[in-house]
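I am opening my notebook to write down, one entry at a time, what I looked up in this structure.

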Amino acid sequence: QSMDNSINASRRPQYQRFKRNSMHSTRTPYHKLVSPPPPRVDHLSLGIRKSLDFTGKIFEAYESTLEGTRKLRQDAVIHTLISVADVAHTMQSFTTFVKWNERLFRELLKAYHEERISWDPTDGWYNNQIGFYDAYILPLAEKIKKCGVFGGKSSVFLYFAMENKRRWAVEGSLITEEIVKRAANDMMMEYEEDSCSSSFSGDEEEDNGYEDEEEEDI
């Protein structure tokens, strides 16, 4: 029991600091959160067309033939579809985006408090979403539109991505505060439940010891 109490005591300041600082998480300047993209060097860029072998040498992954070009385009479309599927919530309705955005925040926050990641997701969550749209989601939506794999509906992805970014820029600050507040309250409730469970377990151990002593006297 003393060990459980010491663990809970060590966790309490962490939760209290989190709750105290959570309302300031949206105030981090955007330029401090997002690093500028590295300069492009097209002739050395790696990816689908150019690759590295095990010796570190660059080689052409596709032959400069009609069949090689066809295979390149096919693989490029598959690669793009996989990338879109990984962040599909960012190109759907705003309600869907916010729902999965909060789940991602809670997952990262749990990992942070369990020391599985080194950065606190509450630091600039609102601004980071805008940076993510600018640096990754919008270019990806443009790519899926240009490849035309969905025909006339290929532009839907870009439309929802732009609309979600626009709404997040307007509503995201308040939404972030609510997400952080709910997460803080849930974490405090979890802490209190752990404390109660530890105390109850300790009381049971003491009772069992007392009953054993009575049986020995008899």
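Entry one. I began with Glu115, which is exposed, with a relative accessible area of 72% (exposed means over 50%, buried under 20% and partly exposed in between, with a 1.4 Å probe and protein chains only). Glu115 lies in the loop between α4 and α5, and it has a positive phi of about 60° although it is not a glycine.

Entry two, on what I am reading. This is a predicted model, in which local features need pLDDT of at least 70 and side-chain atom pairs count only at pLDDT 80 or more, while totals for chains, interfaces and linings use all residues. Residues are numbered from 1 along each chain as its sequence is written, and side-chain values use heavy atoms, with hydrogens and water left out.

I looked up how helix α3 (residues 66–86) packs with helix α5 (residues 125–147), and found an angle of about 140° with the axes 10 Å apart (helices are DSSP runs of H or I, at least four residues, numbered from the N terminus; axes are lines fitted to C-alpha atoms over the stretch in contact, and angles run from 0 to 180 degrees between N-to-C directions). The contact (heavy atoms within 4.5 Å) is made by Val77, Thr80, Leu81, Ser83 and Val84 of α3 and by Tyr136, Leu140, Lys143, Ile144 and Cys147 of α5.

Leaving aside neighbours within four places in sequence, I found Met91 in contact with Val84, Ile137, Leu140, Ala141, Phe157, Phe160, Ala161 and Asn164.

Terms used: Helices (H or I, at least four residues) and strands (E, at least two) are DSSP runs, numbered from the N terminus.
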